[in-house]
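Subject: Handover of a structure for your review

Dear colleague,

Please find the structure below, handed over for your own work. My notes on it follow directly after.

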Amino acid sequence: MPTPPHLPAACPLPIQQYPQVLLAHGGGGRLMHELLGKIFFQAFDNPALNVQHDAAVLACPSPRLAFTTDSYTVRPLFFPGGDIGSLAVHGTVNDLAMSGARPLYLSAGFILEEGLPMDTLWRVVSSMRDAARACGVAIVTGDTKVVDKGKGDGVFVNTAGIGAVEHSGTIAPPSVRPGDGILVNGDVGRHGMAIMAVREGLEFQSAIQSDSAPVHDLVLALLRAGIDIHCLRDLTRGGLASALNEIAEGAGCRLQIDEPRVPVRDDVRAACEILGLDPLHSACEGRFAAFVAEADTDRALALMRAHRSGEGAARIGHVAGAGEPIVLMKSAIGASRILDMPSGEQLPRIC
Amino acid sequence: MRYLDEFRDGQAARSLAAEIGRVTTRPWNLMEVCGGQTHAIVKFGIDELLPKAITLIHGPGCPVCVTPLEIIDKAIEIAARPEVIFCSFGDMLRVPGSTTDLLSVKAGGGDVRMVYSPLDAVKLAEQNPARQVVFFGVGFETTAPATAMAVFQAASKGLGNFSLLVSHVRVPPALEAILSSPDCRVQGFLAAGHVCAVMGFWEYVPIAQQYHVPIVVTGFEPTDILQGILRCVQQLESGRAEVDNQYARAVCREGNRPAQDLLRRVFRVVPRKWRGVGEIPNSGLGLAGEYAAFDAERRFGLADHHVEEPAECLSGLVLQGRIKPHECPAFGTRCTPEHPLGATMVSSEGACAAYYRYRRHP
């Protein structure tokens, strides 16, 4: 991983004057230019961005591109294992990786709430810069708006991403075939429970760390090794259960999952037990499910486990056959049930 | 977590199921009282391990499900008031009232907050002296002591801006109502382990004797439930009707005496309407005279509200164990977790939700 060059820890704006974001910082005048120059250009510094034109002009290294966008809202902005800045980079980088693309460029749109401490903004932006450096992507264009106090939750971030598709296959649900092995690259449900624990002030013995991390390097390593990957899906909102149901639907296939093989850390499982939640419905931010040709499954699992982003990888099931899209799961005591998509937000139970 | 894994061990579960098969000589209908047990049964597929002669009937022990429509409507009316901070456990928020639910009240600008403990609502009342803080006290004897403690603390602190919308219910009168019904099919009960952790099981001894029905206090993990079933079937096969305690790691005969004392101090036993079932005498807890000033229905003038239940929802029959969820014509069609007709389809402990989530397809 490349080491990012030194950045000042303190916010470089003259914060004696403007310790907080003002509406004027989004007004297009001198204050906005100062904000852009001292925070965003300084942090994201790269040739395409530094032209400071309306659009970035980019070199295109591949005839096929992957293009994606995602918006990020999280409370609190900083949580064990990450923050909204690193999340906004990892999330979009991972979306690109799910098509087997090599992530190249990101845009960054910020909606700032009036009164946001400038120091907080600087921490978020610095974290984005570090995450982008670590992922080998450049943040080449962006936008900032300021909304009235009370109309936002501190800061909202949108990132769009472009990646180069250098393989020749189609990594998408329609490529899934009966017999495919289903792998995950590590324990599931951790990000969702990390956020819920801090948001709701739940005190567990140790803080659950979010799993927020980029996974593109692992995906590219699998492709380089010639693994016949049929589909990839990152396990974000709705967790593993939603991802598997979406793919069953998109592929028109029945999936068979073996519950005891799904890796869940003890602290996450304990927190879920206490709250009456299901770790398979809880979000991840550095995990994906891979649908791999049956013959390549063992090799893919070994490659994953040898990579730093897949040490906890496991084979959790297989594609049972074409037909009614449904995810079936064999429980710890050997009985079979449906693994359903969660209905809405997960709500802790009464008792 | 290894502790929990032992109670989910496949080998142990299969040998208990085999033992149940060995002792069962004829058909028996058992009711698991608690919705948490129903979910474990359906989620882990415990019923699939049982001999065909054993039928599990799902009981009324889901606090969200039995909360009557009119209380939900009152909650919605109170929560929509601008001066109110309305505090509720998470799984009450999606339960449909006559026209809307609490999540929609929140979306419309109502200050509805999810709390994990009634004491959090007392804290909010202290922090917001200019607002009225209302806690929605729902649940069986399991959650009632924490609600009682909240009222007790609010009273000691002289918090005039705290009140309670109370819909607490008691298990024993519900069991008696089921057993007194002329078409009762239940021959043995798995009593709710966590209710008994608070109340003990002395209250169940006269019921077992009067109705000649075995009652086994049972936990919530697969091997707990299988062991509860085994002990219940052993009693039935030998003609006994006693109260037995499978969940001895959490439950003793006397229960939690300080919690029971607090319940007696803050609450009094009242008749309570159960959603889809109707009024059951002595089945509810209302605020005792000394604490009547904390009654939100009185404070907001809603005591005389009455609402009819919709006819299409058969949750009352489900809650009494008279039909299985998928036998309802609306199940999975006009009634889904996204568009529920009744609370049994939304609550995390509701039988309809369990069947929809885990058993929708044959």
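This is a predicted model: local features need pLDDT of at least 70, side-chain atom pairs count only at pLDDT 80 or more; totals for chains, interfaces and linings use all residues.

**The interface between chain B and chain A**

Chain B contributes 40 residues to the contact and chain A contributes 29 residues. About 3000 Å² is buried between chain B and chain A, and 58% of that area comes from carbon and sulfur atoms. There are 2 salt bridges between chain B and chain A. One of them pairs B:R357 with A:D278, where the closest N and O atoms are 3.7 Å apart. Between chain B and chain A, 5 residue pairs are in polar contact, counting pairs with both residues at pLDDT 80 or more.

On the side of chain B that touches chain A, at least two residues each are supplied by α1 (2-6), α2 (10-23), α3 (35-44), α4 (63-66) and α16 (351-359) of chain B. The largest share of that side, 4 residues, is from α16(B). By residue class, the side of chain B that touches chain A consists of 19 nonpolar, 7 polar and 14 charged residues.

**The two domains of chain A**

The domain assignment divides chain A into domain 1 (23-164) and domain 2 (173-338). Taken over C-alpha atoms, the centres of domain 1 of chain A and domain 2 of chain A are separated by 28 Å. Their contact involves 19 residues from domain 1 of chain A and 23 residues from domain 2 of chain A.

The two domains of chain A bury about 1800 Å² between them, with 64% of it on carbon and sulfur atoms. On the side of domain 1 of chain A, the residues that lose the most area to domain 2 of chain A are A:P80, A:N94 and A:M98, which together account for 34% of what that side buries. The count of salt bridges between domain 1 of chain A and domain 2 of chain A is 0, whereas 7 residue pairs across this interface are in polar contact (both at pLDDT 80 or more).

Within chain A, α3 (84-97) and β4 (102-113) each supply at least two residues of the side of domain 1 that touches domain 2. The largest share of this side, 7 residues, comes from α3(A). The side of domain 1 of chain A that touches domain 2 of chain A divides into 11 nonpolar, 5 polar and 3 charged residues.

**Buried positions**

A:V184 belongs to strand β7 (residues 181-184) of chain A and is buried, at a relative accessible area of 0%. Leaving aside neighbours within four places in sequence, A:V184 is in contact with residues including A:L235, A:L240, A:F288, A:M304 and A:I316. The C-alpha atoms of A:V184 and A:G317 are separated by 9.7 Å, although the two residues are 133 residues apart along the chain.

A:T159, in strand β6 (residues 155-164) of chain A, is likewise buried with a relative accessible area of 0%. Beyond four places in sequence, the contacts of A:T159 include A:T68, A:T69, A:D70, A:Y72 and A:M128.

In chain B, helix α9 (residues 171-180) has 7 of its 10 residues buried, so this helix is largely enclosed by the rest of the structure. The buried residues of α9(B) are B:V171, B:P172, B:P173, B:A174, B:L175, B:I178 and B:L179.

**Salt bridges**

Over all chains, the count comes to 33 salt bridges. A:R102 and A:E166 form one through their side chains, at 2.6 Å from N to O. A:R102 is in strand β4 of chain A and A:E166 in the loop between β6 and β7 of chain A, so the pair ties together parts that are 64 residues apart in sequence. Both partners are partly exposed, A:R102 at 32% relative accessible area and A:E166 at 46%.

In chain B, the side chains of B:R359 and B:E48 meet in a salt bridge at 3.9 Å, N to O. This pair links helix α16 of chain B, which holds B:R359, with the loop between α3 and β2 (54-61) of chain B, which holds B:E48, 311 residues apart. B:R359 is partly exposed at 22% relative accessibility, and B:E48 is partly exposed at 44%.

A further salt bridge joins the side chains of B:E297 and B:K74 (2.7 Å, N to O). B:E297 is in helix α14 (residues 296-299) of chain B and B:K74 in helix α5 (residues 69-79) of chain B, 223 residues apart. Relative accessibility is 13% for B:E297, which counts as buried, and 3% for B:K74, also buried. Finally, A:D187, A:R190 and A:R287 are joined into one network by salt bridges that share partners.

With kind regards

How values were computed
Residues are numbered from 1 along each chain as its sequence is written. Chains are lettered from A and ligands numbered from 1 in the order in which they are written. Side-chain values use heavy atoms; hydrogens and water are left out. Contact means heavy atoms within 4.5 Å. Buried area is the accessible area (1.4 Å probe) that two parts lose on being put together, summed over both. A salt bridge is a side-chain nitrogen of Lys or Arg within 4 Å of a carboxyl oxygen of Asp or Glu. A polar contact is a pair of N or O atoms within 3.5 Å; within protein, one must be able to donate a hydrogen and the other to accept it, and residues adjacent in sequence count only if both atoms are side-chain atoms. Ala, Val, Leu, Ile, Met, Phe, Trp, Tyr, Cys and Pro count as nonpolar, Asp, Glu, Lys and Arg as charged, and the others, Gly among them, as polar. Domain bounds come from an automatic or database domain assignment. Buried means under 20% relative accessible area, exposed over 50%, partly exposed in between (1.4 Å probe, protein chains only).
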